[in-house]
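This briefing is meant for a reader who is meeting the structure for the first time. Please keep the sequence and the 3D view open while reading the points below.

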Amino acid sequence: MTSSDMDYLTIALPKGKLFGLSADLLAKVGYTAENLSEKSRKLIISNEKEKIRFIITKTADLPTYVEYGAADIGVIGKDVLLEEGKDVYELLDLKFGYCRMMVAVPKALKREKLSDYAHLRVATKFPHIAERFFRSQGIQVEFIKLNGSIELAPMVGLAELIVDIVETGRTLKENNLEEIAQIVPATARLIANRVSFKMKFDRINKLVEDLKSVMAEEAAQ
Ligand code: PRP
């Protein structure tokens, strides 16, 4: 870590649903920067005065940036943390971005129990989580890794089942899919690189305490 790296706190934010909520919460404890926007084409946005550097990453890649210390801390969903399995500290449950990982099937293909789907195909963006779940149930299935719009797969015969996240349930409903098993709930988490957490302990710890205070105030309202 160079002395310049030591002066700055580098924060990774994911593109997508968690970006705005993460940026808003961090701004409440003084961690913001001019032009910090998901729409910006700039991938590094700095606040020189406060010595903060934001980097904007693809969601699935965020834990990798933090694990390798390219970012000191970051905000990411527990679903992605479970899938990526990176070696990072999980510092705080930020209590937003509620969703759940589940198994769903087209209503027309619904069977009586989960084991009735043995040997069929499961499309998912989360193959590790899906594999662990089906193994824990003792059900053998085939996994097809996709990168998005997972709900499409069973509608066009690419797979019979999907493992994906549900937030409002709207995507399932609009595509005639039904949830048949819950795997795990998830929320946004603040994570830290292990070395950064030790080297920049005072700064990161204060940020965590300030976030806890803001969250407690908001919960009490
Ligand atoms: C996620 C998820 C579902 C949808 C669920 O997709 O994969 O498709 O959101 O949200 P809902 O229950 O509120 O409808 P995302 O929008 O992240 O895009 P993707 O399908 O390209 O992964």
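The structure is a predicted model, and the values below are computed from its atoms. The chain contains nine helices and eleven strands, and its C-alpha atoms fill a box of roughly 60 × 35 × 35 Å when the box is taken along the principal axes. Of the 221 residues in the chain, 43% count as buried. Among the contacts in the chain with a separation of 6 or more, 68% are accounted for by residues 24 or more positions apart.

- Helix α2, which covers residues 17–28, and helix α9, which covers residues 201–220, have axes that come within 9 Å of each other and cross at roughly 100°.
- Angles of 65 to 115 degrees count as roughly perpendicular, and α2 and α9 are therefore roughly perpendicular to each other.
- On the side of α2 the contact is made by Leu25, Leu26 and Lys28, while α9 contributes Leu207, Leu211, Val214, Met215 and Glu218.
- Sorted by class, the contact of α2 with α9 has six nonpolar residues and two charged residues, with no polar residues.

**Aromatic rings**

- The count of aromatic pairs comes to four, where two rings form a pair if their centres lie within 6.5 Å.
- Phe197 is buried, with a relative accessible area of 18%, whereas Phe201 counts as partly exposed at 36% relative accessibility.
- Phe197 and Phe201 also belong, together with Tyr89, to one aromatic cluster.

**Charges over rings**

- The ring of Tyr89 has the charged end of Arg194 sitting over it, at 4.2 Å from the ring centre.
- Arg53 lies over the face of Tyr8, and here the distance from the ring centre is 4.4 Å.

**Thr187 in its loop**

- Thr187 is found in the loop that runs between strand β10, residues 177–186, and strand β11, residues 188–192.
- Thr187 is buried because its relative accessible area is 5%, and the cut-off for buried is under 20%.
- When its neighbours within four places in sequence are left aside, the residues in contact with Thr187 are Ile76, Gly77, Lys78, Asp93, Lys95, Phe96, Gly97 and Tyr98.
- Thr187 and Pro106 are 81 residues apart along the chain, and their C-alpha atoms are separated by 26 Å.

**Cys99 in strand β6**

- Cys99 lies in strand β6, and with a relative accessible area of 14% Cys99 is buried.
- Not counting residues up to four places away in sequence, Cys99 touches Ile165, Val166, Glu167, Pro185 and Ala186.
- Although Cys99 and Thr168 are 69 residues apart in sequence, the two are 8.0 Å apart in space, taken from C-alpha to C-alpha.

**Residues with a positive phi**

- Asn35 is not a glycine, and yet it has a positive phi of about 65°.
- Asn35 lies in the loop between α2 and β2, the latter covering residues 44–47, and Asn35 is exposed, with a relative accessible area of 61%.
- His119, which is not a glycine either, has a positive phi of about 70°.
- His119 lies in the loop between β6, residues 99–106, and β7, residues 121–124, and His119 is exposed, with a relative accessible area of 62%.

Technical notes:
Residues are numbered from 1 along each chain as its sequence is written. This is a predicted model: local features need pLDDT of at least 70, side-chain atom pairs count only at pLDDT 80 or more; totals for chains, interfaces and linings use all residues. Side-chain values use heavy atoms; hydrogens and water are left out. Axes are lines fitted to C-alpha atoms, for helices over the stretch in contact, and angles run from 0 to 180 degrees between N-to-C directions. Helices (H or I, at least four residues) and strands (E, at least two) are DSSP runs, numbered from the N terminus. Angles under 35 degrees count as roughly parallel, over 145 as roughly antiparallel, 65 to 115 as roughly perpendicular and the rest as oblique. Contact means heavy atoms within 4.5 Å. Ala, Val, Leu, Ile, Met, Phe, Trp, Tyr, Cys and Pro count as nonpolar, Asp, Glu, Lys and Arg as charged, and the others, Gly among them, as polar. Rings of Phe, Tyr and Trp (its six-membered ring) pair if their centres lie within 6.5 Å; planes under 30 degrees apart count as stacked, over 60 as edge-to-face and the rest as tilted. Buried means under 20% relative accessible area, exposed over 50%, partly exposed in between (1.4 Å probe, protein chains only). A charge sits over a ring if NZ of Lys or CZ of Arg is within 6 Å of the ring centre and within 35 degrees of the ring normal.
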